[in-house]
Amino acid sequence: RTNVYTVGLLSSGGGKEATRSCVQRIFEYAGQERYIGPEEFTSDAAVNGALVNQNPMLTQIDEFGRMMRCSCNPATNPNLYSIVTVLLKLFSKANDKYRTKGYSDSARNKTIDQPHLCLYGTSVRDSFWTSMNQESIEGGFLPRIILFDSPEFNEAGGETSIEPPEAVVEWFRRWAVGPGGTTIGPLIVPFTDEATA
């Protein structure tokens, strides 16, 4: 498994809330609401704390572009800036143990086995792209994001239906119950010579 970071880009009034509500209902209808995490983080410590208590976890963040604007500039808000750092670390630790940063109170130092944080952010298109900078690209955060860019021909008022198809709910229900347990032996899929070429 991996930590999947996705962002939906829409025009203003394009239906950002409807997409997040639909995802929320998929989890609810499948009886898996326990995997839904906070909708906002104040620092890297908040991300770590939430994941310690709730692993795996999906977090849905609105106004993601606005959060990224602060997160990409340490002078603006050091706490938000550190969120991107922890997201980068978690992405690379999906098949390993992740140790949170150390505190003088050792009871606050935690280890997360195979952290599984999935993120779905929504943002107005311009807000997201103006928040990106050279470090976002070269530092590896932007390449880790799967972008869903909504077409410009949305109907006025955006999407309003938040009811997921039953087939999607049923698929998710079967997937979520899985084989049971939280520790999974990661499967390494090697490149073939042809794929490498």
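So, Phe 148: you'll find it in strand β6, residues 145-149, where strands are DSSP runs of E, at least two residues, and helices are runs of H or I, at least four, numbered from the N terminus. This is a predicted model, so local features need pLDDT of at least 70 and side-chain atom pairs 80 or more, while totals for chains, interfaces and linings use all residues. Residues count from 1 along each chain as its sequence is written, and side-chain values use heavy atoms, with hydrogens and water left out.

Okay, on to the core. A nonpolar core here is a set of buried Ala, Val, Leu, Ile, Met, Phe, Trp, Tyr and Cys residues joined through side-chain atoms within 4.5 Å; buried means under 20% relative accessible area, with a 1.4 Å probe and protein chains only. The largest one has 27 residues, and Phe 64, Leu 90, Phe 128 and Phe 141 touch the most other members. Helix α4 gives the most to this core, six residues. A second, separate core has 10 residues, including Phe 27 and Tyr 120.

Staying with Phe 141: setting aside neighbours within four places in sequence, its contacts (heavy atoms within 4.5 Å) include Tyr 5, Met 68 and Leu 87.

Last stop, Thr 100. Where does Thr 100 sit? In the loop between β3 (97-99) and β4 (111-113). Thr 100 counts as buried because its relative accessibility is 12%. Beyond four places in sequence, Thr 100 touches Asn 48, Arg 108, Asn 109 and Lys 110.

Methods: Buried < 20%, exposed > 50% of the residue type's maximum accessible area, 1.4 Å probe, protein only.
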